Amino acid sequence: MRAPLCLLLLVAHAMDMLALNRRKKQVGTGLGGNCTGCVICSEENGCSTCQQRLFLFIRREGIRQYGKCVHDCPPGYFGVRGQEVNRCRKCGATCESCFSQDFCIRCERQFYLYKGKCLPTCPLGTVAHQSTRECQEECELGPWGSWSPCRHNGKTCGSAWGVETRVREPIQTGREEATTCQVLSESRKCPIQRHCPEERNPSQKKGRKDRRPRKDRKLDRKLDGRPHQPPA
């Protein structure tokens, strides 16, 4: 009884070891590639852990995935270093090549690269270069100027909300392209709390003009009612 039982245990142990070796191998070959640089590798899924300084690149085909250890991530992916595993992560949908998830270095077709972003059209003040698919500055702008006086309907006095404006003008470089530069401006609301002196003077002058003729008219009426006296 002991001999068959021991034999059965040995067979079961051998099968378990065979299955374990198939799942995890230190060195071996997988589907469509090899386990070079891997720490843990399987025939079904390839590498799952890489040696230091290598990146784990996961290639997906349908519902299956296969891991491979690479020195540099392929185009469309960027490397992220972690405490346990360095991984290759996919760039954004409009990004063909990137440094990180938020900084592209080359865009897909129909998009233009501007400051690490892929845009459908170039922003104001830039021109699109079809060969490089990049947006380049038309000209260099200087710093923002001072805010203009607060105005409301063209006046800087009164009691109302007005608008003040400041601009960024292009730096004069002597190039012909400078003539095509556009001045940038921005505006904001501002309060006006200052009386307009020109609005007080007309009323005061009008009052003085109106009072003096009335006195003259009263005096004229009194003189007209006196009897005429001939000179002595």
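View 1. Arginine 133 belongs to the loop that runs between strand E13 (126-129) and strand E14 (134-137). In this predicted model, the phi of arginine 133 is near 60°, a positive value in a residue other than glycine. Follow the side chain and you will meet an aromatic ring: arginine 133 lies over the face of tyrosine 112, at 4.3 Å from the ring centre.

**View 2. Glutamine 110 is another residue with positive phi.** Here we look at the loop between strand E10 (103-107) and strand E11 (112-114), where glutamine 110 has its place. Glutamine 110 is not a glycine, although its phi is positive, at about 75°. Is this residue buried or exposed? Glutamine 110 counts as exposed because its relative accessible area is 67%, and the cut-off for that class is over 50%.

**View 3. Arginine 188 lies over the face of tryptophan 147.** The distance to look for is 3.9 Å, taken from the ring centre of tryptophan 147.

**View 4. The largest nonpolar core is made of nine residues.** Have a look at who is here: Cys35, Cys38, Cys41, Cys47, Cys50 and Cys69, together with Leu54, Leu56 and Ile58. Which elements give two or more residues to this core? They are strand E3 (38-42), strand E4 (46-50) and strand E5 (55-61). Apart from this core lies another one, of eight residues, with Cys91, Cys104, Leu113 and Cys118 among them.

**View 5. Cysteine 38 and cysteine 69 are two members of the largest nonpolar core.** Cysteine 38 has its place in strand E3. With a relative accessible area of 7%, cysteine 38 is buried. Cysteine 38 and cysteine 50 are 12 residues apart in sequence, while their C-alpha atoms are 4.4 Å apart in space.

**View 6. Strands E5 and E6 form a hairpin.** E5 and strand E6 (residues 64-70) pair in the antiparallel sense, over seven bridges. Two residues lie between the strands, and glycine 62 in the turn has a positive phi of about 70°. To get your bearings on the pairing, find glutamate 61, which stands opposite arginine 64 in E6.

**View 7. Phenylalanine 57 and tyrosine 77 form an edge-to-face aromatic pair.** The structure holds two aromatic pairs. In the one shown here, phenylalanine 57 and tyrosine 77 are 5.0 Å apart centre to centre, with 85° between the planes. The pair links distant parts of the chain, with phenylalanine 57 in strand E5 and tyrosine 77 in strand E7 (residues 77-80), 20 residues apart. Phenylalanine 57 counts as buried, at 13% relative accessibility, whereas tyrosine 77 is partly exposed, at 23%.

**View 8. Phenylalanine 99 and phenylalanine 103 form a tilted aromatic pair.** The ring centres of phenylalanine 99 and phenylalanine 103 are 6.2 Å apart, and the angle between the planes is 35°. How accessible are the two partners? Phenylalanine 99 is exposed, at 58% relative accessibility, and phenylalanine 103 is partly exposed, at 39%.

**View 9. Strands E7 and E8 form a hairpin with six residues between them.** The strands pair in the antiparallel sense over four bridges.

**View 10. Arginine 89 lies in strand E8 (residues 87-90).** Which residues does arginine 89 touch, not counting those up to four places away in sequence? The contacts are Gly76, Tyr77, Phe78 and Val80. Arginine 89 counts as partly exposed because its relative accessibility is 46%. Arginine 89 and glutamine 101 are 12 residues apart in sequence, and from C-alpha to C-alpha they are 8.3 Å apart in space.

**View 11. The chain as a whole puts the close-ups in context.** The secondary structure comes to two helices and 16 strands. Of the 232 residues, 22% count as buried. The accessible surface of the chain comes to about 18400 Å², of which 53% belongs to carbon and sulfur atoms.

Notes
Residues numbered from 1 in each chain as written. Predicted model: local features only at pLDDT ≥ 70, side-chain atom pairs only at ≥ 80, totals over all residues. Heavy atoms only, no water. Buried < 20%, exposed > 50% of the residue type's maximum accessible area, 1.4 Å probe, protein only. Contact = heavy atoms within 4.5 Å. Core = buried A, V, L, I, M, F, W, Y, C linked by side-chain atoms within 4.5 Å. Phe/Tyr/Trp six-rings, centres within 6.5 Å; stacked < 30°, edge-to-face > 60°. Lys NZ or Arg CZ within 6 Å of the ring centre and 35° of its normal. Areas by Shrake-Rupley, 256 points an atom, 1.4 Å probe, with all protein chains shown as cover. Pairing = 2+ DSSP bridges.
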